[in-house]
Amino acid sequence: MASVTRAVFGDLPSGAGTVEKFQLQSDLLKVDIISWGCTITALEVKDRQGKASDVVLGFAELEGYLQKQPYFGAVVGRVANRIAKGTFTLDGKEYKLAINNGPNSLHGGVRGFDKVLWTPRMLSNGVQLSRVSPDGEEGYPGELKVWVTYTLDGGELMINYRAQASRTTPVNLTNHSYFNLAGQGSPNIYDHEVIIEADAFLPVDETLIPTGEVAPVQGTAFDLRKPVELGKHLQDFHLNGFDHNFCLKGSKEKHFCARVRHAGSGRLLEVYTTQPGVQFYTGNFLDGALKGKGGAIYPKHSGFCLETQNWPDAVNQPHFPPVLLRPGEEYDHTTWFKFSVA
């Protein structure tokens with residue numbers, strides 16, 4: 001069974017509201033979630049010696065999350081990932097979004113779902129956070145009602161995303177947690193062993209927009225179907241890191257996505273999802289400038305993300321899985337993060 005406690009995390013400047021923290025605890029995991037951006041601020045997992053460490057990057061205080069920072073632990077939307085040139089056309093009308101990442105729009109725009117206060121509701125084994133994204137917010141059409149539910153069961157953290165739209169709109173929601181299974185603040189993730197259950201990936205252009213090709217992983221650096229040690233793999237293939245979408249099974253049922261093992265501590269993370277893709281990101285843009293929890297600094301490659309989601313720029317690429325939500329339909333996706341010790 002999991003227990004849930006509620007506390008104040010901090011106050012937003014100029015009376016904009018109070019951010020609350022919800023702590024979900026089981027015998028195996030302890031997870032802190034705040035109502036600002038539905039953000040996971042801490043996640044404690046025991047190693048094989050029974051010693052607990054926090055395995056997500058982030059900040060101890062609210063101020064950390066209000067500064068410019070790379071979406072640590074947050075839910076991103078209305079559309080996660082990149083939209084080419086920040087434009088798309090729907091029913092003959094062109095929509096223009098904020099350009100906030102090179103020439104493209106990233107993670108919902110300038111003030112996406114990660115930079116707003118959500119309304120929390122405590123559950124017996126978790127917390128549900130909701131908000132209404134107004135029509136036209138960040139340039140997107142239609143009002144969108146959104147519910148994000150975190151529940152804890154033993155070593156498994158489940159995140160369910162639901163949304164309903166008043167007008168047809170693209171929707172793609174994910175959680176942007178950065179993990180380091182050696183413990184946050186550890187210098188890199190090179191000793192992590194990774195498997196991603198994907199037969200194909202999306203090659204990208206120099207601005208990280210998919211070219212449209214769905215490329216087989218066979219015989220490439222992107223073949224992670226058998227375990228690879230990350231540091232050695234990046235070196236062998238002369239890669240700066242990963243920031244790519246891997247194409248998962250097309251089924252809407254729960255399917256295995258990825259497994260990451262840290263041999264030193266014995267910690268194991270398995271990811272399951274209903275989503276058609278996962279963006280595997282190795283923290284290539286982290287540069288050590290931000291001060292994290294316990295005085296930690298976060299240099300390049302000090303954390304990894306497994307952002308389960310639809311494929312990037314799907315709104316402009318008709319052969320990608322459908323990303324449009326229509327009135328009367330419900331967006332409903334779930335991702336499971338299962339922690340254990342091996």
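Because the model is predicted, local features require pLDDT of at least 70 and side-chain atom pairs count only at pLDDT 80 or more, while totals for chains, interfaces and linings use all residues. Residues are numbered from 1 along each chain as its sequence is written, and side-chain values use heavy atoms, with hydrogens and water left out.

The protein contains 2 helices and 27 strands, where helices (H or I, at least four residues) and strands (E, at least two) are DSSP runs numbered from the N terminus. The C-alpha trace spans about 60 × 55 × 40 Å along the principal axes. Of the 342 residues, 59% are buried (under 20% relative accessible area, with exposed over 50% and partly exposed in between; 1.4 Å probe, protein chains only). Among contacts (heavy atoms within 4.5 Å) with a separation of 6 or more, 66% join residues 24 or more positions apart.

An open sheet is formed by 5 strands in the order β19-β18-β21-β24-β25, with antiparallel pairing. Its edge strands, β19 (215-216) and β25 (305-309), each pair on one side only. Two strands are taken to pair if DSSP finds at least two bridges between them. Strand β18 (residues 200-201) pairs with β19 over 2 bridges in the antiparallel sense, and Phe-201 has Ala-215 of β19 as its bridge partner.

Phe-256 is located in strand β22 (residues 255-262). Leaving aside residues up to four places away in sequence, Phe-256 touches Ile-195, Glu-197, Val-271 and Tyr-272. Between Phe-256 and Gly-139 the C-alpha to C-alpha distance is 34 Å, at a sequence separation of 117 residues.

Val-271 belongs to strand β23 (residues 267-273) and counts as buried because its relative accessibility is 0%. With residues up to four places away in sequence again left out, the contacts of Val-271 include Phe-256, along with His-255, Cys-257 and Ala-258. Val-271 also touches Leu-306 and Thr-308, as well as Thr-335, Trp-336 and Phe-337. Val-271 and Ser-130, 141 residues apart in sequence, are separated by 24 Å from C-alpha to C-alpha.
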